[in-house]
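Here is a short briefing on one structure. Have the sequence and the 3D view open as you read.

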Amino acid sequence: MSASHHQRIYCVHCNAEIESRYDLLVSLSFFSLSAYHTSCYAEVSKGQSIFISNSPVNGAEFSWTSVFAFLLGMILLFIPKGEIGGSGMWSLNVILLLLPFARVSSWYIYERHLDK
Ligand SMILES: [Zn+2]
């Protein structure tokens, strides 16, 4: 296991390699993760308003949101759902736990391969 054995990350917009962590922007849409150059994402998000509402998965805002979502999700997991709203609560629980999962996946799939 060598640290230099990095997988290359390519931008889904321009297909060029993303060489730096600071130029990487991971977007979550329709439950899948996509990697963009920071500039490419800006270009893409201009045309599609769906993308703008999603903060980048590898950004600070999403990281904090997922920490809170994880804590809240874990608490909800141990509360009997019948007492607090049944199946609607389960859906909320799934979404809450999906956020930290997306955050960790982004790191696992993309960020750990870029060390600068
Ligand atoms: Zn690009």
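The buried residues of α3 pack against α4 (87-109). Contact here means C-beta atoms, placed from the backbone, within 7 Å. Buried means 20 or more other C-beta atoms within 10 Å of a residue's own; exposed means 12 or fewer, and partly exposed lies in between. Helices (H or I, at least four residues) and strands (E, at least two) are DSSP runs, numbered from the N terminus.

This is a predicted model: local features need pLDDT of at least 70, side-chain atom pairs count only at pLDDT 80 or more, and totals for chains, interfaces and linings use all residues. Residues are numbered from 1 along each chain as its sequence is written.

**Helix α3**
- Phe62, Ser66, Ala69 and Gly73 are the buried residues of α3.
- They fall within an arc of 65 degrees seen down the axis, so they line one face of the helix. The arc is taken from the directions from the helix axis to the C-beta atoms.
- Ala60, Trp64, Phe68, Leu71 and Ile75 are exposed on the other side of α3.

**Strands β3 and β4**
- β3 and β4 pair in the antiparallel sense over 6 bridges. Pairing requires at least two DSSP bridges between the strands.
- Leucine 28 has leucine 33 in β4 as its bridge partner.
- The hairpin has 2 residues between the strands, and phenylalanine 30 takes a positive phi near 50 degrees there.
- In β3, 5 of the 6 residues are buried.

**Around valine 26**
- Beyond its neighbours within four places in sequence, valine 26 is in contact with Leu33, Ala35, Pro56, Val57, Asn58, Ser106 and Tyr110.

Methods: Two residues are in contact if their C-beta atoms, placed from the backbone, lie within 7 Å.
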